Amino acid sequence: METVLLEDHSLRDGLQAEARILRLEDKLALFRLLAEAGFRQIQAASFVDPRVIPQMAQSEELIRSVLRDFPEVAVSALVLNARGLSRARACGVRHLSLSSSASDWHSRRNVGRSAAEAFDELLRMIGEARASGFAVQAGIQCAFGCVHEGPIPEERVAAMAKSLAEAGAPEINLADTTGMANPLLVRRLIRKVQEAAGETPLALHLHDTRGLGIANLLAAWECGVRRFDVSAGGLGGCPFVEGAAGNVAAEDVVHLFEQLGVATGIDLSRLCRAVRRYEELLGRRLPGRVCRVLATGVLGN
Ligand SMILES: [Zn+2]
């Protein structure tokens, strides 16, 4: 049976724009529900300035607790600069997602530096993180377009991927940060990046902003991508920005792969417990579809 690796990002990407700050104990309970559903890779936090992203103020405590309580799970954290890297080192996390943006506008807004400066720092950090023994995934944000700059030249993304591979990145993550990809672009860009980055495995991080998340994911799967970031419930986006949306919903992706006969290692009904808990804590319905259908009994089990 073929397999696919899904990494849940609901605790980090999903929650980061939420105005309602969850308590540490609630985040720990959510992590437990995700681990019990079968996720073996979970991105739990980011080491960013808590004044900018208050939801991430407890990253250290959260990471330390889950590292202690869930040795079977590869816990990862997002790091965008040298300060974040030293915080990650101090709390013992071993899996790092390091990334910068292909869009200059997005980079300046997100980290206050030009895309070129941020990318130089990313290359430096990859070397430093690998020398310190971290398992590293290197990411390119806005790889499929930027809401402000529009389409991003595919050659630029391929050149970045080539440099990341040459810097020793063991894996490259292409992020559709604002959901601008379509299946044709996904196929074209993956081919270009595969040519540029050689054997380095690719992962995709797809936001469902325009409803093409699952279609894009399937296109990438057909191009040989075997690793995807997902978010329980499709949690994510920004409650203050109309139309902003989260990653592809974990449960919808698990259901898709079940239908394709591909093993995910995730138990759908247990995953729906995590989705329900998020909905209780946030006081609203999340956009993922399959848990709703499962609750009606139409899907069986
Ligand atoms: Zn994202």
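This is a predicted model: local features need pLDDT of at least 70, side-chain atom pairs count only at pLDDT 80 or more; totals for chains, interfaces and linings use all residues.
Begin by selecting Gly 198, which follows helix α8 and has a positive phi near 60°.

**Stop 1: helix α8**

Select α8 itself. This helix has 15 residues, and its first and last C-alpha atoms are 21 Å apart, close to the 21 Å expected at 1.5 Å a residue. Next, colour Val 186, Leu 189, Val 193, Ala 196 and Ala 197, the buried residues of α8. They cover an arc of only 100° around the axis, which puts them on the same side of α8.

What covers the buried residues of α8? The covering elements include α7, β6 (172-176), β7 and α9.

**Stop 2: α7 against α8**

Two packed helices are described by the angle between their axes and the distance between the axes. Display helix α7 (residues 154-166) together with helix α8 (residues 183-197): they pack at an angle of about 35°, and their axes are 8 Å apart. The crossing of α7 with α8 is right-handed.

To view the contact, select the following residues:

- from α7: Glu 154, Val 157, Ala 158, Ala 159, Ala 161, Lys 162, Leu 164 and Ala 165;
- from α8: Arg 188, Leu 189, Lys 192, Val 193, Ala 196 and Ala 197.

By class, the contact of α7 with α8 holds 10 nonpolar and 4 charged residues, with no polar ones.

**Stop 3: α8 against α9**

On the α8 side, select Pro 183, Val 186, Arg 187 and Ile 190; they meet Ala 215, Asn 216, Ala 219 and Ala 220 of α9. The contact of α8 with α9 divides into 6 nonpolar, 1 polar and 1 charged residues.

**Stop 4: His 205 in strand β7**

Move to strand β7 (residues 202-206) and select His 205, which lies in it. Is His 205 buried or exposed? His 205 counts as buried because it has 27 C-beta neighbours inside 10 Å. Leaving aside neighbours within four places in sequence, the contacts of His 205 are Gly 139, Asn 173, Ala 175, Asp 176, Asp 229 and Asn 247. Select Asp 229 from this group: it is 24 residues from His 205 along the chain, yet their C-alpha atoms are separated by 5.0 Å.

**Stop 5: Cys 142**

Select Cys 142, in the loop between β5 (135-141) and α7. Most residues other than glycine have a negative phi. Cys 142, however, has a positive phi of about 55° although it is not a glycine. Cys 142 is buried, with 27 other C-beta atoms within 10 Å.

For a contrast, select Ala 116 in helix α6 (residues 115-131). Ala 116 counts as exposed, because it has 11 C-beta neighbours inside 10 Å.

**Stop 6: helix α11**

Select helix α11 (residues 268-282). In α11, Leu 271, Cys 272, Ala 274, Val 275 and Tyr 278 are buried. Viewed down the axis of α11, its buried residues fall within an arc of 155°, so they line one face of the helix. They are covered by elements including α1 (10-14), α2 (24-37), α10 (250-260) and α12 (290-296). Just after α11, find Gly 283, with a positive phi of about 70°.

**Stop 7: helix α2**

Finally, select α2. This helix has 14 residues and reaches 20 Å from its first C-alpha to its last, close to the 20 Å expected at 1.5 Å a residue. Lys 27, Leu 30, Phe 31, Leu 34, Ala 35 and Ala 37 are buried in α2. They cover an arc of only 155° around the axis, which puts them on the same side of α2. Among the elements covering them are β1 (5-8), α1, β2 (41-46), α3 (59-69) and α11.

Notes:
Residues are numbered from 1 along each chain as its sequence is written. A residue is buried if 20 or more other C-beta atoms lie within 10 Å of its own, exposed if 12 or fewer, and partly exposed in between; C-beta atoms are placed from the backbone. Helices (H or I, at least four residues) and strands (E, at least two) are DSSP runs, numbered from the N terminus. The arc is that of the directions from the helix axis to the C-beta atoms. Two residues are in contact if their C-beta atoms, placed from the backbone, lie within 7 Å. Axes are lines fitted to C-alpha atoms, for helices over the stretch in contact, and angles run from 0 to 180 degrees between N-to-C directions. A crossing is left-handed if the near helix is turned anticlockwise from the far one by less than a right angle, and right-handed if clockwise. Ala, Val, Leu, Ile, Met, Phe, Trp, Tyr, Cys and Pro count as nonpolar, Asp, Glu, Lys and Arg as charged, and the others, Gly among them, as polar. The expected span of a helix is 1.5 Å times one less than its number of residues.
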